[in-house]
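Hi,

Here is the structure I promised to pass on to you. Have a look at it first, and then read my notes below.

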Amino acid sequence: WPDLKDGTWSVVLLKIIKHYQEEGQGSEVVQGVLLGLVVEDRLEITNCFPFPQHTEDDADFDEVQYQMEMMRSLRHVNIDHLHVGWYQSTYYGSFVSRALLDSQFSYQHAIEESVVLIYDPIKTAQGSLSLKAYRLTPKLMEICKEKDFTPEGLKKANIGFEHMFEEVPILIKNSHLINALMWDLEDKSTVADKHELLNLSSSNHLEKSLQLLMDRVDDMSQDIVKYNTYSRNQSKQQQQKHQYVQRRQQENTQRQSRGEPPLPEEDTSKMFKPPQPPPRMDTLLIAGQINNYCQNVKEFTSQNLGKLFMAEALQGHN
Amino acid sequence: MTPIAGAQQRRSISPPPQKKPKTTSMQLRVNRGRAQHRAWRYTCQPKTAARRHSLSLSKMSVYGPVVKIHPVVLASICDSYERRNEGASRVIGTLLGTIDKHSIEVTNCFSVPHNESEDEVAVDMEFAKNMYDLHKRVSPTEVIIGWYATGFDITEHSVLIHEYYSREATNPIHLTMDTALQSGKMSIRAYVSAQMGVPGKTVGVMFTPLTVKYVYYDTERIGVDLLQRTRVLPNRTKGLTSDLSQVGGSAARVQDMLTTMLAYIDDVLSGKVAADNSVGRFLMDLVNKVPTISAEDFENMLNSNINDLLMVTYLSNLTQAQIALNEKLVLL
């Protein structure tokens with residue numbers, strides 16, 4: 001795997017922000033496609049276009065056709081029309097889901113270096129742009145390819161929730177012309193009068209994050225219970241099998257001593273159906289999601305602690 | 001609070017600039033007032049002259065709606081200019097947005113391929129219609145409100161293109177962006193067309209300028225702030241920082257602003273710069289904004305907040321350890 005770093009052009013950034021702002025206020029996620037090309041060891045994302053949302057009256061809407069047409073049109077104006085990934089907005093960091101995994105897998109299967117850009121609008125509104133790029137690790141790709149989600153399969157691959165996604169560092173690049181534009185904008189626009197980042201109120205955000213975390217932990221515990229019952233059933237079944245075989249052997253020795261033909265050795269596996277092992281992929285996803293939530297919460301608290309100490313210093317001088 | 005009062009005091013007792021003969025106290029006060037007034041006028045005049053001059057260049061119009069542009073549009077125009085075909089000197093495209101009673105908000109745009117030569121201009125209309133349809137699927141509230149072109153001036157071809165766009169939208173606006181930086185700045189101007197000439201005879205078209213403003217959503221503002229920081233770095237790239245360093249950066253910026261203010265106040269105190277009452281009032285507001293809470297109450301609030309945050313950190317660490325443990329157990 002080449003060590004790919006993202007080089008995102010500012011156009012992409014602004015487009016993503018705008019797309020969420022306009023269309024995503026009510027619903028959970030907005031999605032779109034990233035276009036660009038691979039340059040040496042960097043993946044450059046030069047443009048993007050949004051995907052319309054699925055509404056009820058758009059049953060016959062053809063996504064593929066929309067994509068094709070868009071790309072064809074963009075090619076006419078010399079915009080890079082190569083797919084390099086897709087972007088999605090997220091709500092408080094809850095993006096590790098089956099759907100994301102599947103989409104990213106299909107993208108990565110087709111194009112090796114594709115990434116998914118996760119944009120967190122709520123965190124951005126709090127003052128710091130939150131844009132992260134993720135890619136599936138090769139191990140996870142292997143597993144998805146084989147679709148073997150049983151516990152044995154995962155044990156073989158030795159994969160933990162930290163090894164599911166790898167984060168790709170993002171750099172923002174600008175051309176000279178855009179630089180000139182930035183100078184111009186700075187000149188003409190007013191100073192940002194809202195320093196959202198220095199806002200002290202934290203309880204709202206904390207509450208919501210913790211709520212989501214609790215939900216996930218509940219899911220996780222249910223999953224664990226399922227797995228425990230499964231392993232208990234399995235061991236019980238093993239015991240029963242063992243007992244049955246023993247009894248058979250005993251009977252056979254008895255019959256032999258009496259001179260009767262031994263009973264046929266029946267196929268134990270047909271008699272005792274092994275219980276269905278629960279798929280472990282969901283557990284992994286939930287674990288990954290919980291990990292993500294915890295990371296976010298920790299970041300948030302560290303920022304807030306800093307702010308509180310600054311407020312203390314300010315009060316001390318008054 | 002004391003420095004400001006001091007500045008005001010000093011201004012009121014500053015002696016008049018010209019030497020005046022000894023007069024009664026009443027007259028002295030009047031003279032002082034007039035002298036002050038004259039001094040104020042002298043200091044203000046060059047400023048207003050400069051302001052008027054810049055007004056004449058950037059805000060030429062009075063009539064017509066205000067055009068509010070989002071930075072997305074400008075960045076897209078720059079981008080499409082950089083990707084233009086060989087030999088094309090300028091790029092044109094459609095502007096999408098929403099129309100309000102008094103203002104037009106431009107929120108999106110896409111470029112349209114076109115060929116321009118000495119005597120004719122060809123624009124791919126089909127393409128424009130297609131793209132507009134595609135865009136409409138994503139954001140159904142956006143309508144065609146005009147078109148843009150890069151370049152400094154308005155040419156005759158612009159008139160033709162403008163005619164086409166007036167068929168698509170009522171009273172389209174035309175936006176020019178000087179990407180060749182002819183005047184040293186990237187002048188972004190908007191025009192609307194108006195008929196001129198003698199009625200009955202050949203009617204011409206005149207482009208009247210409109211005021212241009214930049215508007216941002218909150219999140220856009222933050223994104224643009226990040227982009228602003230790239231322009232000072234030599235290789236024009238910037239990574240995204242995280243965590244406490246961002247708070248530190250933000251605090252550093254506020255500190256810079258405070259130092260500028262302190263420098264200004266020092267200047268006023270030492271008499272180098274004439275004090276401005278409105279600035280003084282702002283400063284008073286600023287200092288009063290720090291709420292006066294009794295030390296005890298503040299301690300309590302601070303401690304409870306810190307406790308909350310620490311508890312949450314502890315819990316999240318615990319959860320992470322838990323799931324890691326679970327992972328290891330399952331793999332046994």
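Let me start with a term: buried area is the accessible area (1.4 Å probe) that two parts lose on being put together, summed over both. Chain B and chain A bury about 8500 Å² between them, and 66% of that is on carbon and sulfur atoms.

Before going on, a word on the source. This is a predicted model, in which local features need pLDDT of at least 70 and side-chain atom pairs count only at pLDDT 80 or more, while totals for chains, interfaces and linings use all residues. Residues are numbered from 1 along each chain as its sequence is written, chains are lettered from A and ligands numbered from 1 in the order in which they are written, and side-chain values use heavy atoms, with hydrogens and water left out.

Where the chains meet

Taking contact to mean heavy atoms within 4.5 Å, 87 residues of chain B are in contact with 98 residues of chain A. A salt bridge is a side-chain nitrogen of Lys or Arg within 4 Å of a carboxyl oxygen of Asp or Glu, and the count of these between chain B and chain A is zero. On the side of chain B that touches chain A, α9(B) gives the most, with 18 residues. Helices (H or I, at least four residues) and strands (E, at least two) are DSSP runs, numbered from the N terminus. By class, that side of chain B has 44 nonpolar, 26 polar and 17 charged residues. Here Ala, Val, Leu, Ile, Met, Phe, Trp, Tyr, Cys and Pro count as nonpolar, Asp, Glu, Lys and Arg as charged, and the others, Gly among them, as polar.

Is Asn108(B) buried or exposed? Asn108(B) counts as buried because its relative accessibility is 8%; buried means under 20% relative accessible area, exposed over 50%, and partly exposed in between (1.4 Å probe, protein chains only). Among the residues that Asn108(B) touches, not counting residues up to four places away in sequence, are Lys18(A), Val73(B) and His135(B).

Inside chain A

Chain A has ten helices and eight strands, and 48% of its 318 residues count as buried. Gly32(A) sits in strand β2 (residues 31-39) and is buried, at 4% relative accessibility. Leaving aside neighbours within four places in sequence, Gly32(A) is in contact with Phe49(A), Pro50(A), Phe51(A), Trp86(A) and Tyr87(A). The C-alpha atoms of Gly32(A) and Glu260(A) are separated by 75 Å.

The salt bridges

Side chains of opposite charge can pair when their charged atoms come close. How many salt bridges are there over all chains? The count comes to three.

- Arg135(A) pairs with Glu166(A), with the closest N and O atoms 3.0 Å apart. This pair links distant parts of the chain, strand β6 (residues 131-136) and strand β7 (residues 165-168). Arg135(A) is buried at 3%, whereas Glu166(A) is partly exposed at 27%.
- Asp219(A) meets Arg216(A) at 2.7 Å, N to O. Both lie in helix α8 (residues 203-258), three residues apart, about one turn of the helix.
- Asp223(A) meets Lys226(A) at 3.7 Å, N to O. They are separated by about one helical turn because they are three residues apart in helix α8. Asp223(A) is buried at 11%, and Lys226(A) is partly exposed at 48%.
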